[in-house]
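Subject: The structure we talked about

Dear colleague,

I am passing the structure on to you with this email, and I would ask you to open it beside the sequence before you read any further. My notes on it come after.

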Amino acid sequence: MTRKAATCCGESSKEGDLPTEIPEQIQMELDAMGGLPALSKRIPSKKVVGERGRIYQALSDPHRLSILYIIRDQPLCVCVINRFMCLSSSKLSYHLNILKECGLIEGEYRGNWIIYSVTDRGRRLLQCTEHAERK
């Protein structure tokens, strides 16, 4: 039985538009999983996607990734972190704040010092980056 593929987004194609039909094989696979409504339920909300995007954006900067590696095994103060980073105080603070806002690191006051450590989330994401580079 031949079946006509549904048009994409419920719209018929207009002259000059790219074809909007869903390929038959894709349509059959979509139908098997419950159709477009079932697929849309699997997509995280815009809020969740935005939060995840900020995390990946934080991890995309080599300085921030280096900071995570520096404090991965040992919580450290800014002065020790900066011995490796060699950044201005304001730049280092900027990068630490981004990591902190994403929940990848946390800072704990000990007297006059803030000691930074990697959170469980940060540790898991570091492991993911290491796993991603394996072939």
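What follows is a walk through the chain, from its overall layout down to single residues.

Please keep in mind throughout that this is a predicted model. Of the 135 residues in the chain, 28% are buried, and the chain exposes about 10,100 Å², of which carbon and sulfur atoms supply 54%. If you take the contacts between residues at least 6 apart in sequence, 43% of them join residues at least 24 apart.

In what order do the 3 strands of the open sheet lie? The order is β1-β3-β2, and the pairing is antiparallel. Because β1 (76-77) and β2 (105-110) stand at the edges and have a single partner strand each, one side of each is left without a neighbour in the sheet. In general, the strands of a sheet pair through backbone hydrogen bonds, and they may do so in a parallel or an antiparallel way. Here β1 is joined by 2 bridges to strand β3 (residues 113-118), and these two run antiparallel; within this part of the sheet, Cys77 stands opposite Ile115 in β3.

The cysteines deserve a separate look. How many disulfides does the structure hold? The number is 0, a disulfide being a covalent bond between the sulfur atoms of two cysteines. Is Cys86 buried or exposed? Its relative accessibility is 63%, and since a value over 50% is the cut-off for exposed, Cys86 counts as exposed. Cys102, by contrast, has a relative accessibility of 10%, and because this is under 20%, Cys102 counts as buried. Cys86 lies in the loop between α5 (78-85) and α6 (89-101), and its phi is near 55 degrees, which is a positive value in a residue other than glycine. As background, most residues other than glycine have a negative phi.

Another loop to find is the one between α2 (35-41) and α3 (46-59), where Pro44 lies. Pro44 has a relative accessible area of 35%, so it is partly exposed, and, if residues up to four places away in sequence are not counted, Pro44 touches Val49 and Arg52. Ile43 also lies in the loop between α2 and α3, and its relative accessible area of 55% means that Ile43 is exposed. Together with Leu36 and Leu39, Ile43 makes a nonpolar surface patch of about 270 Å².

Lastly, please look at helix α7 (residues 120-132), which is the place of Glu130. With a relative accessibility of 23%, Glu130 counts as partly exposed, because this value falls between the 20% and 50% cut-offs. Which residues is Glu130 in contact with, once its neighbours within four places in sequence are left aside? They are Tyr69 and Arg72.

A colleague

Terms used
Residues are numbered from 1 along each chain as its sequence is written. This is a predicted model: local features need pLDDT of at least 70, side-chain atom pairs count only at pLDDT 80 or more; totals for chains, interfaces and linings use all residues. Side-chain values use heavy atoms; hydrogens and water are left out. Helices (H or I, at least four residues) and strands (E, at least two) are DSSP runs, numbered from the N terminus. Buried means under 20% relative accessible area, exposed over 50%, partly exposed in between (1.4 Å probe, protein chains only). Contact means heavy atoms within 4.5 Å. Two strands pair if DSSP finds at least two bridges between them. A disulfide is a pair of cysteine sulfur atoms within 2.5 Å. Patches are made of residues with over 30% relative accessible area and no salt bridge: like charges are joined within 9 Å, nonpolar side chains (Val, Leu, Ile, Met, Phe, Trp, Tyr) within 5 Å. Accessible areas come from the Shrake-Rupley method with a 1.4 Å probe; for residues, only the protein chains shown count as cover. A salt bridge is a side-chain nitrogen of Lys or Arg within 4 Å of a carboxyl oxygen of Asp or Glu.
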